[in-house]
Structures are given as C-alpha cells and as structure tokens.
Amino acid sequence: MSKKIMVVDDDQNIVDYLVTLFEDNGYETCSASDGVEALVVMKDELPDLVTLDLEMPDEWGPRFYRKFNQDPELADTPVIVISGLSGIHLAIRKAVATVSKPFDPDQVIQIVQETIGG
Amino acid sequence: MTKQLLLVDDEDGLRRVLSIALQDIGYEVTTASSAEEALRRFDEQRPGIVLSDVKMPGMDGLELLKRIKEQKPETEVIMITGHGDMHLAIASLKLDATDFITKPINHDALEVALKRAEDRMAMRRQLREHTENLERLVEEKSARLLQAERRLATRQVLEGLTEAMGQLTTDMDAGETIFNELPCFVSVHNAYLEIIATNQHYRDRLGDFVGANSWDAYCDRKPDDEECPVGKTFRTGRGQRSREILTGLDGSEIPVIVHTAPIKGAGEDADVELVLEISVDVQEVNRLQEELRQSRERYRHLFNAVPCYITVQDRQFRLVEANHGFQRDFGGEPGQLCHGVFKGRQSPCRNCPVEKTFTDGQSHESEEVVTTLSGDQVNVLVQTAPILDAKGRVEQVMELSTDITQIRQLQDHLTNLGLLLGTVSHGVKGLLTALDGGIYRVDSGFRRGNEKQVQAGWKVVRQMVGRIRSMVLDILYYAKKRDLRWERVDALEFANQVADIAETKAREHSIEFRRDFARDLGEFEVDPGIVSSALVNLLENAVDACLMDRQKKEHRIRFGLSTRGRAVLFDVEDNGMGMDKETRNKLFTLFFSSKGDRGTGLGLFMSNQIVEQHGGRIDVDTEPGRGTRFTVLLPRVLPDAAKCATNESAAASEQPSPTCGQKC
C-alpha cells in the first residue's frame, strides 16, 4: 500500500504542483489550504508525511504544527517545510527538512523517499 | 662822476677865468660874487668843494668858511689869499679850511689843493662806508650765530626725540623693531619755509636738505609751493596730515604719510615759529595692504560663491560670519545662534560637530536636516574646520554645509526600491514556485498523454507569467509612483475600520482611545488599503508617544473625523511626549525615527507619500512634553492626476500587485 502525503499551502497552484509531483512518483495525496482545514483533513486521512507552508491566512504553519502534535494519533508525523519565508529552518525545529521556494522537485522527492520510503 | 664846486670871488674877471679852468679839469662849477650869495648857493647845491676869496666886501671869506663848516663840516673849503696875507691863511686853516692858495693863482698849486680836498673827501667816504659795513657785519654775524645756536638746539631735540621714539617702540615689543621697519623722516622747518634740521634717516634716504625749501623733498610739489604740509601748518597754525611722495637719494619715489606739528613761541597768541614734520614710509605698508585687500577680496568672493553654506561660529555657537548662500536660505544675522537659525532649536544640537572641533581642534562631520526660511527641508553634510588664533588655540570654527538633498532623495528612492523588492520577494518566490508547478504539470501531462493536465498546467503558467509581468511593471513604474487603487468609500465606515485596528493596541496599554467622528460625511475617493495603513501608522505612533512619556500618568488618544472645505480631515491627537522642532522637521524623511531602536523610520515617510499622492497633506503640531497632533487632509474628490494612472494599472495586472504601502 502506497504512502500518503498531505500538502498544506494557501496557493492552489502550488498545491496542484506538489500533488501532481507526488502522484507521478507513486504517492497518494491529500491537501488543505490553511491550518484549520489541515487539522480536519489530517485527522481524516492520517497521512504519512506533511508538506507545510508557513505563511497562510487564518492559521499559519507553526500553530497547526503545535496543534497536531498535541494529538497522540497524529503526533510525530514527519513534516517537510516548504516556504518562501527566509529563516524558515527556525520556525519548526523538528521538521525533517526545510525547502525554500522556488524548489527543485527532485530534491523534494529525494527527501520524501528518505523519510518514508518509495 | 661830476664833482660840484662852488667858486666865490668878488672879482668878475678872476671868477670867469678860474671857472673855465676848473671846468676844464672836470668840475661842475657854480659861482657866487659875494659870501651871502655863496651861502645861498651852498644851501641849494651842497657842493663838496668850496673855493673862496678871503677878502670880499660884506661878509668876508673867513666868516663864510665858518658858516659852511657849521652847516656841513665835511665840506672841503679852499681859501684864496693875497700874497703876504699869511695870517689870514693861518686863520683859515685854524677854521678847518682844507688848504689855501695865494694870488696870483698858480695852476699847479690849485690842482694840488683840489687833489688834497678830494683825497680827504674820498677818505671820509671810505671811512663812513667802513663804519657802516662794520655795523652791518656785526649785525649779520650775530644773527647767524643766533640761528646756528637754534639749529643746534633743534637738532639735538630732534635726534633725542627720534632716539626716544625708537627706544619706546623697541621697549614696547622686544624684538619687533617696528621703528626700523617703518622708518620716519623727521625734519624741522622755519617760518621762511626752509628746512633747518633733519634726522639721520632723512639724510640717509633723502639727502642733505638742510637749507632747502620745505617742499623740495616732495617729488610732485612745484617750486614755491606754499601749500605744502609745512606751509599749511604755518598758515593755519594747526598740525596737518596728508599723503605725499618723497624723492629718495637714488631717485626712487617713497610714498609717505606726513604729519606736521606747529611749534609756537611763548605766549598764548604767539606765532608758529617752527614746524616739526614727521613722514612715515608707507611703501611696504601700502604693498602689504594691497596684497591683503586682494586676497581678502578673493576669499570673500570664494566664501560667497561656493555652492555651500558657510558660517564662522564662536564658542557659544554664535554666527560671526555667514556667506551669501546661508543668508539667502536661512537668514542669520551675526550674533544669532547656529542651532536657532539652522534648526529652530532652543539648545545646541546633540553631537554638534562645531562643539567637537572646539574641544579637540580636529575637523568633524555630520549629516543634518535643516529648514530653510521658505520652510523647505534640506539634507546637509556638515564639515567643520578650526580657526586658530596666534597662539594656536581654536578661536572660531568654520562650518561648511553642503546641500545633499538631491543625493539623499536619490538614496531614499533607491532604498525604497530595495524595500519594495524585499516586500515583493516573498510573493515572487510563491509566483516562481507556482510557475515551476505549471511547467511541471505540462511536462508531466505530456509524458502521460494527459491533455487535461497539460491544459491545467498551461493555464497556471500563463497566469503566473501575467502576474510576474505586472509585478515587474510595478517595480519599473515605481520610479513614477505607485498607482492608486481608489474607490468611493463611506468616510465614517472607513474611519471606524481604521479605529478598530488601532484601538486594540491602545487598550492593551491602558491608553484611553476616543473616536470623535462627525456624522453624515458621506463618501470620499480614496485608496482605502494604503490610506488605512497610513492612518493606523499615525495612531500607533501616538500610542508609542504616550508610552515614551513618563511624566503624565494618564494618556489619551483622540481620533477625529471632520470636514474642512472640500476635504475630509482626520486628526490624531495624543498627550504623549511631543517633539522638538528638529525632530518635527525630520519627521517625514526616510529612516528617521524618534523611537530609537524600536522604530524603523519608515512609517511616517510612507504615510506622507501616500497622503501626498492623494493630493492631500499631513500637518504636525507638537510641543515637547505636551503632545502631538497630526492632521491629515484628504480631498473628497481625487485630483485627475491621481486617478488617471489607475486604469492603465488595472489593465496591466490581473490581480492586485503587492505594494509596499500596506506593509508600512
């Protein structure tokens, strides 16, 4: 059974980009456009990995991260931060990787594979 | 010379013969036939020689002799006696007759007698002349003696005076013998306008003029010029001062300033007896003065012509001098304070470069914002230089301020562009990522033969290219101005929205926040996004001003909305710390912050630009310790210039482009 990746970004174009990328590489996907929605989706889908944008309306990335980590069912889900903000590696210290936009798709796939396998 | 002779004889024949004989030997002869007649003739003619017969009817010759000798003793009287009248001859000799001859008259004897008479006359004349000469000589000699004595005395006084003056100047400033470098020609003149004495320097440089006329030493005075300084002194009785040119021994011209002083005799109304003339060689002084004048002129010209503001200040920062540029743009009379004229401050500026230069004697630099007479703000680069006195102490400081407003404006502009780029860069990253995504999906769709995915991806690519294009245009057009995205907005609703945002911050710090809004203002044309940023910025500044004021316990902010003519007026009033004039003047410049580390200096600059772009203006009324009031006037209807660009912009961008205004 293939692994599932949740893409969280307020820019629908980027969601579409990542979803296509992951599906092309044989992963299942789900997505959300802000922190509040992301928590709901995450509980439903129980993804193996989350790619997270930091700057989003309503609830930004770090707060969503804290919230899902308080839920034992979801805690410790690996997170890859993908953001345009500078200094992003400090925002979520436990993230497996931080990738700045614009990113190299091969690099993202490599990190995903190293984290949850192909 | 005609010799007059009076011949007296009662014998007509003798008289005639003798008078012919006498005329032959050169006498002018007058005859008389009696002693009485002879006396009358003598009175008329006063002849030197009288030749008279002794025996005559009436008054005889002896009596005549006696009378003549009484009248004029030096008359030579020769008596003619008969042969044998020896006693008469002796008697006549006793009566001081010159000689006597006997009848018949021997021609030779006559000539001898006449010769003797003439010799006696000549002798007497010589004697008289000698006596007269002698008297005159004695008179002359004694006068000369007197004058010589006087001259000697004068010369002694003169040399003494010169020496004393020389010593005096030497004593006054040891080492600096001004007297030698500014030599004086001293001379004394008498009432005949003759030079009677001169000092050594006079003799060395001009020659020996003693005995010459007073005007002779001047090269341009004509002969008999009694209007020369000395002549005037004698005429007026008062000392004179004039510029003259003397002729030196070597023929050179020596310009001098001539001073004269009358020396009067004893008594109050005494005449001027002598005049003392002292001439100072001003040749060197003239040259130096001219040189000094020229270089002063040059410096003065430079001082005024340089495109800088130059002032010279004393230790109290009082203006000693200010060049034309400074006076034109800032006013500033000598004596006014630099910080008052330049910045409208009561007290000296912090880190004043002039003060530093007074302290360490070095040049210093600073950058200031100053306000001209017409209210314009000018960025100046200030440089100082010490002006030292003779002892090397800093006496004054010169301050040179260069107007760098244009450079500063350009810098501000570039900085803004940088800021704009910084602000949009985050958005750009998202755009580029989305563009990558579009391209990836197109590629991926082609690989899988998924036409739908290709189309979706291509749509994203087009969309992103469009946005990037509009963003780039925004940046490029920043050089003009960011276009307004204006709309008609209800003023009251707008004010309330702004107040909602700002009130939270005030409440957090227990600052009273009061809305003072007029009702029924209707709509006005505004770019609500950026104008609300600007107003929020002013309100947040008011909060900060309250927080920084430690003197008052209770603080309040009033946010007002009203109309003024055809404009909408927002005002933000606080009772915080207030600002001094300098802070107020710098307020709208980029990166100026009165908040120290907590401020960026960006806010008010942007706010001002936003309001100006709307054709409005921001005014500030502030007082240190009392508070500040900002009034923002915005026209109800935007000027056409602010509006028309908007449509082009809307056409160029499909979506609102990022702006710096909202980030302020």
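## Salt bridges between the chains

Between chain B and chain A the count is 3 salt bridges, a salt bridge being a side-chain nitrogen of Lys or Arg within 4 Å of a carboxyl oxygen of Asp or Glu. One of them joins Arg447(B) to Asp24(A), with 4.0 Å between the closest N and O atoms.

This is a predicted model, in which local features need pLDDT of at least 70 and side-chain atom pairs count only at pLDDT 80 or more, while totals for chains, interfaces and linings use all residues. Residues are numbered from 1 along each chain as its sequence is written, chains are lettered from A in the order in which they are written, and side-chain values use heavy atoms, leaving out hydrogens and water.

## The interface

The contact (heavy atoms within 4.5 Å) takes 17 residues from chain B and 16 residues from chain A. About 1400 Å² is buried between the two chains, and carbon and sulfur atoms give 57% of that area, which is the accessible area (1.4 Å probe) that two parts lose on being put together, summed over both.

## Chain A

Chain A has 4 helices and 5 strands, taken as DSSP runs (helices H or I, at least four residues; strands E, at least two) numbered from the N terminus. From that terminus on, the elements follow the order β-α-β-α-β-α-β-β-α.

Of the 118 residues of chain A, 53% count as buried, that is, under 20% relative accessible area with a 1.4 Å probe and protein chains only. Among contacts in chain A between residues at least 6 apart in sequence, 63% join residues at least 24 apart.

Technical notes:
Buried < 20%, exposed > 50% of the residue type's maximum accessible area, 1.4 Å probe, protein only.
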